[in-house]
Amino acid sequence: MTRTKPLSLIFATAATALVALVVAGCGGGDDQATVASGNSNAAGGSSTIGVSNIGGLGRILVDPRGRTVYLFEKDTGPKSTCSGACATAWPPVTTNGKPNAGNGVTASMVGTTKRSDGKTQVTYNGHPLYLFQGDKKPGEAAGQNVDAFGAEWYVLSPAGHKVEGKAKNSGGSYAY
C-alpha cells in the first residue's frame, strides 16, 4: 500500500525550506573569505590570488581555493561600498597580511584596502575582490553579470578588467 502526503503538507515543507534559505542568505555581514599571508591558509590552500579557466569566460581570477572572485561596479575605486546584507551575499576576500600573486597574475596589481569594519580587503587593479555565496564549488561563476545591491558584478581577467558574458555550467543563476 502506498501512502501519499497531503498536498498542504508538501507545500508547508517547501515553504519552510524556502524561508530558511532566505533567512540564511540575509544574515550578518561577517561572512568573509580570508586569504592568509604565508604559504598556506586555514583551508590548506595557497595564499595567492590565482588564475583559472572557467567555461565561457576564459582565464579569470580565483581565490586560494579556486573559487571565482568578482568586482562590484558600484565600487569606483579601491574603497568597498558593499557591507551588511551585500557582504553576506558577496563576501569580501580579506587578508591578515600581504596577499601573493599566483602564476598568470600581475603582482603589482595585487593590493589591499581597509574596509569600514576595519578588516583588510584584497584588491586587484584597484578593484576590491568578492566571492559569491551562490558559487558552491571551485569553477562556478553564478554571480557573473548579476545586478544586485545597486550595480552589476563581474569576474576579472588577469589584466584586471571586468569580463562580460555568461559562464557555462556555473550552477544556476542568482539575483538579489
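1. Strand E10 (residues 146-148) and E11 run antiparallel, joined by three bridges; strands here are DSSP runs of at least two residues (E) and helices runs of at least four (H or I), numbered from the N terminus, and two strands pair if DSSP finds at least two bridges between them. Two residues lie between the strands of this hairpin, where Phe 149 has a positive phi near 60°.

2. A word on the basis of these remarks: this is a predicted model, in which local features need pLDDT of at least 70 and side-chain atom pairs count only at pLDDT 80 or more, while totals for chains, interfaces and linings use all residues. Residues are numbered from 1 along each chain as its sequence is written, and side-chain values use heavy atoms, with hydrogens and water left out.

3. Now to E11 itself. Five of the six residues in E11 (residues 151-156) are buried, meaning under 20% relative accessible area, with exposed over 50% and partly exposed in between (1.4 Å probe, protein chains only).

4. Strand E4 (residues 70-72) is joined to E11 by three bridges, and strand E12 (residues 162-163) pairs with E11 over two. Val 155 is worth a look: it is the bridge partner of Tyr 70 and also stands opposite Val 163 in E12. In the hairpin of E11 and E12, with five residues between the strands, Gly 160 takes a positive phi near 90°.

5. On to the rings. The structure holds seven aromatic pairs, counting rings of Phe, Tyr and Trp (its six-membered ring) whose centres lie within 6.5 Å, with planes under 30 degrees apart stacked, over 60 edge-to-face and the rest tilted. One of them is Tyr 70 with Trp 90, edge-to-face at 5.3 Å centre to centre and 85° between the planes. Tyr 70 is in strand E4 and Trp 90 in the loop between helix H2 (85-89) and strand E5 (93-95), so the pair ties together parts 20 residues apart in sequence. Tyr 70 is buried, at 0% relative accessible area, and Trp 90 is buried at 0% too.

6. Tyr 130 and Trp 153 are also edge-to-face, 5.1 Å centre to centre with 90° between the planes. This pair links Tyr 130, in the loop between strand E9 (127-128) and E10, to Trp 153 in E11, 23 residues apart.

7. Ring pairs join Tyr 70, Phe 72, Trp 90, Tyr 130, Phe 132 and Trp 153 into a cluster.
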